[in-house]
Amino acid sequence: MNKLFEVEKEILASVKKEWPSFKQGDIIKVFYKIKDKAKERIHPIEGIVIKVQGHLHRKSFTIRRISYGQAYEVSFPYYSPLITEIQIVAHAKRKPRRRRLYYLRGRVGRKAMLV
């Protein structure tokens, strides 16, 4: 198991990107690359972080957004080469009591925010 851990640390050192520190309940904006046929563009998505899981190079996070009355969730690997930038829009004013904020799925409007 220690050999596997050492290999993972080496992989992480080669791909490591420095993103701002965020946690569940924070509102973040993620800029990621989308390939449209022959061209490539950067698409921003802003939403509340409902889940951060994993560690080392397997770390990932999920953000939730409600747009035009439709809610959608997007999961990103933390060290994905498609992510160009992560900005923190707002930190949660109150600390969430749970690790995964799935209960926000049943809420609408301001009740779905921890800010």
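I count a charge as over a ring if NZ of Lys or CZ of Arg is within 6 Å of the ring centre and within 35 degrees of the ring normal. By that rule, lysine 59 lies over the face of tyrosine 78, at 4.5 Å from the ring centre.

Ground rules: this is a predicted model, where local features need pLDDT of at least 70, side-chain atom pairs count only at pLDDT 80 or more, and totals for chains, interfaces and linings use all residues. Residues are numbered from 1 along each chain as its sequence is written, and side-chain values use heavy atoms, with hydrogens and water left out.

Next, ring pairs. I pair rings of Phe, Tyr and Trp (its six-membered ring) if their centres lie within 6.5 Å; planes under 30 degrees apart are stacked, over 60 edge-to-face, the rest tilted. I find six aromatic pairs.

The phenylalanine 22 and tyrosine 78 rings have centres 6.0 Å apart and planes at 35°, so I log the pair as tilted. Phenylalanine 22 is in the loop between helix 1 (2–15) and strand 1 (27–36), and tyrosine 78 in the loop between strand 4 (70–77) and strand 5 (83–90), so the pair ties together parts 56 residues apart in sequence. Helices (H or I, at least four residues) and strands (E, at least two) are DSSP runs, numbered from the N terminus.

I also looked up burial (buried is under 20% relative accessible area, exposed over 50%, partly exposed in between; 1.4 Å probe, protein chains only). Phenylalanine 22 and tyrosine 78 are both buried.
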